[in-house]
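This report describes parts of one protein model in plain terms. Please look at the sequence and the structure before reading on.

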Amino acid sequence: MSRTVTLILLDAAGRPLGALPPFGVPEPWWQEVASIVAEVRRRHGLEVAVLRLLDADRPAPPGGHVRYLAQTADAPAVPLEPVAVDLAPHPLRQPWAQAGGPDRSVGWATGELRRLGRRVTAVAQQRTWNLSAIWRLDTDAGPAWLKQLPPFARHEPTVLAFPGDPSSLVNGPTVLAADGEGRMLLADVPGQDRYGAGEGERAAIAAGHHVVQWRACGVVGELVAAGVPDLRGVGLADWIRERLAGHDVSAAAGLLDGLDHRLQQVRDCGLPDTLVHGDLHPGNVRGDGRRRTVIDWADSFVGHPAFDILRLTEDVDADAAARLTGAWTRRWRTDVPGSDPHRAVDLLQPVAPLRLAAVYAMFLAAIEPSEHPYHVHDVPAALARAAATP
């Protein structure tokens, strides 16, 4: 599957110029823009920054014909098609999705690298959507990465750098700089994202993550005070209901009705609250054969540790999931004698997709309407999974 792309260009002052002829790119995922930038450079000799999604010919990704708004400081040599585009501001538009936003962000990152004694030799935009914008900056001392986050994810650099030494709590990328407004500059993490990792590698990921979670049990108060979302105990039920207000939750009505009691039962299992990654699948782990690094802590929160093992095992067969979860329960029973981690996992099985439904609802409430296709189907799908989970 691939995408057909149409770019509607703005000039350096943010004035509309028209649309480039449509072209194809191999990646179907709408937020991936590196190949778009490269193809425009190859075809037309233009340097562009993709600002945001405008619309698509299908209701959700991937693939299809997708239109984006982009900006260039160059004078296009190719004739542009006149096209109407709504440039009215929107209160939920992210800074990087506005005219001049990418230049401001890259300028900040370049200045921070200069202060670190590193000279930037090339910049490549990688991704832009409502959850983040990412650029690779090559320097004379190796690559660095600029990641910019929306308000609901701005605690990620806090988690990565907590409490000052990046290696002291989580095994994540090193934060080189952060501006407190969503921009952070990260050191390069060698290796490949571990999509498709087998049971053995997932077991190693779970074992390494347990060390992080056990260490974090002692600092949950400090994490919450530093701005990490607090989803501990029965407070999670209120958080879920608040975010799902206005959505059709009839598929999971019974689960929601009994959620407070279920979460109290989870609490009675005796496991401590800790730092939860929130999206611990193998694609959020990078490995180079020598070490693994857990990336993308933007969904992290303080809560029950079982949510991460449930995420790590949700797409493997039942026998593999049982073995991975069994090893997880043995580790927690050893660390917390008298606890019942196995029962906690069973109780949280349907709560995990219910929490994800609330997360997707939070995304929708915080992004402008043109970006809704990224997530609009995720809420009902997650609610259906929650309802179908015993």
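Which residues of α12 are buried? They are V351, A352, P353, L354, R355, L356, A357, A358, V359, A361, F363 and L364. Buried means under 20% relative accessible area, exposed means over 50%, and partly exposed lies in between (1.4 Å probe, protein chains only).

The model is predicted: local features need pLDDT of at least 70, side-chain atom pairs count only at pLDDT 80 or more, and totals for chains, interfaces and linings use all residues. Residues are numbered from 1 along each chain as its sequence is written, and side-chain values use heavy atoms, with hydrogens and water left out.

**Helix α12.** Helices (H or I, at least four residues) and strands (E, at least two) are DSSP runs, numbered from the N terminus. Helix α12 covers residues 351-365 and has 15 residues. From its first C-alpha to its last it reaches 21 Å, close to the 21 Å expected at 1.5 Å a residue; the expected span is 1.5 Å times one less than the number of residues. Because 12 of its 15 residues are buried, α12 is largely enclosed by the rest of the structure.

**The sheet.** Strands of a sheet pair through backbone hydrogen bonds, either parallel or antiparallel. Here five strands form an open sheet in the order β6-β7-β8-β10-β9, with antiparallel pairing. Two strands count as paired if DSSP finds at least two bridges between them. At the edges are β6 (120-129) and β9 (175-178), each of which pairs on one side only. β9 and β10 (residues 183-187) are antiparallel and share three bridges. Within this pair, A177 stands opposite L185 in β10. Helix α2 (residues 101-115) packs on the sheet and touches β6, β7 (132-139), β8 (144-148), β9 and β10, where contact means heavy atoms within 4.5 Å.

**Salt bridges.** A salt bridge is a side-chain nitrogen of Lys or Arg within 4 Å of a carboxyl oxygen of Asp or Glu. By this rule the count is 25 salt bridges. The table lists some of them.

| Pair | Closest N to O |
|---|---|
| R115 and E112 | 2.7 Å |
| R241 and D238 | 3.2 Å |

R115 and E112 both lie in helix α2, three residues apart, about one turn of the helix. R115 is exposed, because its relative accessibility is 62%, whereas E112 is buried at 18%. R232 is partly exposed at 29%, and D230 is partly exposed at 36%. Elsewhere, salt bridges link E39, R42 and R43 in a network.

Conventions
Axes are lines fitted to C-alpha atoms, for helices over the stretch in contact, and angles run from 0 to 180 degrees between N-to-C directions.
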